[in-house]
Amino acid sequence: MDVMKTQLKANAQGDLPLLQITDTHLFSDRNKDLMGVKTMHSYEAVVDHALKYSSTCEAVLATGDLSQDHSSESYSAFTKYIKKLNLPCYWLPGNHDMKSVMLPSLLAQGLAKTQQIISDHWQIIMLDSQVEKYPYGELDKQQLEFLQQALNEYPDKYALICLHHHVLPSGAKWLDQHILKNSPIFLEVVSSFKNVCAVLSGHVHQAGDVLFNGIRFLTTPSTCVQFKPNSDDFALDTQAPGYRYLSLNKKGDISTCVERIEQDAFTVDAEAKGY
């Protein structure tokens with residue numbers, strides 16, 4: 001397969017500081033809400049909060065579900081506001097995205113599709129776990145082959161792997177129905193490479209940091225509504241919208257934290273039954 005690859009320079013210390021923005025769920029109408037939260041307003045508030053990092057970071061990783069209504073206007077709105085950070089933005093699709101609209105819309109706004117980001121000490125691999133018309137994820141044969149190819153290509157670089165769907169169970173029964181379905185195969189692949197340091201995803205609308213087989217599995221809050229942890233049935237959390245800062249150290253360590261906007265800036269509809 002033809003791989004879309006780019007170079008990303010580390011900072012003067014040899015580290016690679018990044019921001020992760022995920023699950024924005026935007027509409028063409030900026031005042032339309034998702035479960036009580038106007039997603040464009042909360043997304044803008046998150047980006048404004050992240051401006052404090054923009055001068056020291058090297059890129060943004062957008063890990064899917066950028067749109068809720070599949071409109072070209074929603075993708076254009078995402079692009080317009082993410083540019084406030086003045087950083088390259090690398091993206092991948094989530095289960096709510098429509099790739100036939102997403103790709104041309106983002107390309108038209110200057111956000112190229114990139115699958116492999118190569119830096120001084122790291123490579124970042126962007127995977128497509130979308131299964132069209134279904135909420136769960138899966139990596140098809142082509143994606144798994146690309147993953148192995150990328151890891152074999154740079155054995156001397158640490159690896160961060162990004163995808164939309166969570167790989168390890170979240171503990172929320174309803175949400176874990178929509179996990180990466182072939183996670184055992186994915187785990188078998190990444191566990192065979194000692195240079196894989198972390199897997200970064202969205203989808204679960206909650207923060208997570210779990211060490212499994214020597215690899216960190218990180219999940220990140222949505223920029224809009226949050227899901228209640230460890231809930232058997234669909235339930236919303238009252239935590240504020242957020243994002244993740246992470247710095248990939250030249251020695252293979254990762255420093256990371258979740259940042260959230262003001263707690264009471266947005267209020268979810270407690271009676272919402274699903275999305």
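Predicted model: local features only at pLDDT ≥ 70, side-chain atom pairs only at ≥ 80, totals over all residues.
Residues are numbered from 1 along each chain as its sequence is written, and side-chain values use heavy atoms, with hydrogens and water left out.

Along the principal axes, the C-alpha atoms fill a box of roughly 50 × 40 × 35 Å. The secondary structure comprises six helices and 18 strands. These are DSSP runs numbered from the N terminus (helices, H or I, at least four residues; strands, E, at least two). Buried residues account for 57% of the 275 residues. Buried means under 20% relative accessible area, exposed over 50%, and partly exposed in between (1.4 Å probe, protein chains only). Contact means heavy atoms within 4.5 Å. Among contacts between residues at least 6 apart in sequence, 72% join residues at least 24 apart.

The accessible surface is about 11700 Å², with 48% belonging to carbon and sulfur atoms. Areas come from the Shrake-Rupley method with a 1.4 Å probe. The chain carries 24 positive and 32 negative side chains, and the centres of the two sets lie 3 Å apart. Lys and Arg count as positive, Asp and Glu as negative; His and the chain ends are not counted. Charges are placed at NZ of Lys, CZ of Arg, CG of Asp or CD of Glu.

Helix H1 covers residues 39–54. Its 16 residues should span 22 Å at 1.5 Å a residue, and the end C-alpha atoms are 22 Å apart, which agrees. The expected span is 1.5 Å times one less than the number of residues. Buried residues of H1 include Met-40, Tyr-43, Val-46, Val-47 and Tyr-53. The buried residues of H1 pack against several elements, among them S2 (16–21), H2 (72–82) and S18 (254–260). In H2, the buried residues include Tyr-75, Phe-78 and Ile-82. Their cover includes S2, H1 and helix H3 (99–108).

Pro-229 sits in the loop between S15 (226–227) and S16 (236–237). Pro-229 is partly exposed, at 36% relative accessible area. Beyond neighbours within four places in sequence, Pro-229 contacts Gln-206 and Asp-237. Gly-171 lies 58 residues from Pro-229 in sequence but 7.0 Å away in space, C-alpha to C-alpha.
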